Amino acid sequence: MLDNAQLADALKEAAYARDVPGFADVGSSLLLFCREVKEDFTVCLSGECADEIFGGYPWYHKKEILFEDCFPWSRTTDIHRSILKDGFLPKGEEYARNAYESTIVKTSYFDGENPLEKRMREMFMLNLDWFMQTLLMRKDAMSMESSLEVRIPFCDYRLVEYAYNIPWELKALGGREKGILRKAFENDLPKEIVYKKKPISENS
């Protein structure tokens with residue numbers, strides 16, 4: 001268990017590990033976690049990338065967010081701009097918009113797909129190219145700073161390519177986030193882990 005003081009004390013170390021400012025306590029908590037794991041293990045497995053390719057995030061399931069024409073995890077840049085000096089990123093919004101549109105344009109679809117199915121493919125591309133890459137950078141920086149080797153089986157390109165074409169009703173099997181993944185592991189992991197509800201905040 002970590003308290004606020006421990007998280008705050010590790011903020012600077014986490015920023016140095018990443019070489020640039022990043023995730024605040026999300027980075028420092030992972031850094032401290034990796035150090036604890038390193039006490040007993042040299043190599044470990046991570047479930048990162050499962051949320052991206054199997055629809056684990058709230059924006060896959062909240063229709064009011066799903067169809068917004070923007071990055072779902074950053075629906076406005078107002079907060080980001082408010083903490084930066086005026087003029088620091090004069091074309092920040094333009095860059096974000098171009099990045100979003102260029103990702104949408106390269107999304108491939110099947111003929112006859114309905115708007116929901118098409119949007120899910122777009123969400124897959126947005127999460128794969130941006131959200132997942134950001135989290136992998138965080139994981140790499142914090143684990144390497146701790147001399148811990150973390151392997152990410154869900155990021156295997158063969159699984160990613162296969163998951164791209166899994167119909168959404170299967171990915172969300174049973175109406176659950178990562179439903180098909182839960183089903184796949186229900187005989188291998190305790191039920192309270194497999195079917196644990198993923199927290200979804202009202203602001204997500």
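Y60 and W168 are both buried in this predicted model. The two residues form a stacked aromatic pair, with 5.8 Å from centre to centre and 15 degrees between the planes. This pair links distant parts of the chain, since 108 residues separate Y60, in the loop between α4 (50-54) and α5, from W168, in helix α10 (residues 168-171). Y60 also belongs to the largest nonpolar core, where Y60 is among the residues that touch the most other members.

**Overall form**

- The protein has 12 helices and two strands.
- Read from the N terminus, the order of elements is α-α-α-β-α-α-α-α-α-β-α-α-α-α.
- The radius of gyration is 18 Å, which agrees with the value near 17 Å that a compact globule of 204 residues would have.
- Along the principal axes, the C-alpha trace spans about 55 × 55 × 30 Å.
- Of the 204 residues, 37% are buried.
- Taking contacts between residues at least 6 apart in sequence, 66% join residues that are at least 24 apart.

**Nonpolar cores**

- In soluble globular proteins, nonpolar side chains tend to be buried together.
- The largest nonpolar core has 16 residues, and Y57, W59, Y60, M123 and L126 touch the most other members.
- Two or more residues of this core come from each of α5 (63-66), α7 (92-105) and α8 (115-145).
- Helix α8 gives the largest share of this core, with five residues.
- Another core lies apart from this one; it has 15 residues, including V160, A163, I166 and L181.
- Beyond its neighbours within four places in sequence, W59 is in contact with I65, L66, P72, W73, M123, N127 and F131.

**Aromatic and charged side chains**

- The whole structure holds 11 aromatic pairs.
- One aromatic cluster is made up of Y57, W59, F71, W73, Y100, W130 and F131.
- The charged end of K118 sits over the ring of Y109, at 5.9 Å from the ring centre.

**Helix α3**

- Helix α3 covers residues 25-38, 14 residues in total.
- From first C-alpha to last, α3 reaches 20 Å, close to the 20 Å expected at 1.5 Å a residue.
- Its buried residues are G27, S28, L30, L31, L32, C34 and V37.
- These buried residues pack against α1 (4-9), α2 (11-18), β1 (43-45) and α8.
- An α-helix has 3.6 residues a turn, so residues three or four places apart point the same way.

- A163 is found in helix α9 (residues 157-164).
- With a relative accessible area of 0%, A163 counts as buried because the cut-off is under 20%.
- Residues up to four places away in sequence aside, A163 touches I53, F54, F124 and K171.
- A163 and R18 are 145 residues apart in sequence, and their C-alpha atoms are 30 Å apart in space.
- K91 has its place in the loop between α6 (78-82) and α7.
- K91 has a relative accessible area of 60% and is therefore exposed, as the cut-off for exposed is over 50%.
- K91 and S29 are 62 residues apart in sequence, with 32 Å in space from C-alpha to C-alpha.

How values were computed
Residues are numbered from 1 along each chain as its sequence is written. This is a predicted model: local features need pLDDT of at least 70, side-chain atom pairs count only at pLDDT 80 or more; totals for chains, interfaces and linings use all residues. Side-chain values use heavy atoms; hydrogens and water are left out. A nonpolar core is a set of buried Ala, Val, Leu, Ile, Met, Phe, Trp, Tyr and Cys residues joined through side-chain atoms within 4.5 Å. Buried means under 20% relative accessible area, exposed over 50%, partly exposed in between (1.4 Å probe, protein chains only). Helices (H or I, at least four residues) and strands (E, at least two) are DSSP runs, numbered from the N terminus. Contact means heavy atoms within 4.5 Å. The expected span of a helix is 1.5 Å times one less than its number of residues. Rings of Phe, Tyr and Trp (its six-membered ring) pair if their centres lie within 6.5 Å; planes under 30 degrees apart count as stacked, over 60 as edge-to-face and the rest as tilted. A charge sits over a ring if NZ of Lys or CZ of Arg is within 6 Å of the ring centre and within 35 degrees of the ring normal. The radius of gyration is taken over C-alpha atoms; the globule rule is 2.2 Å times the number of residues to the power 0.38.
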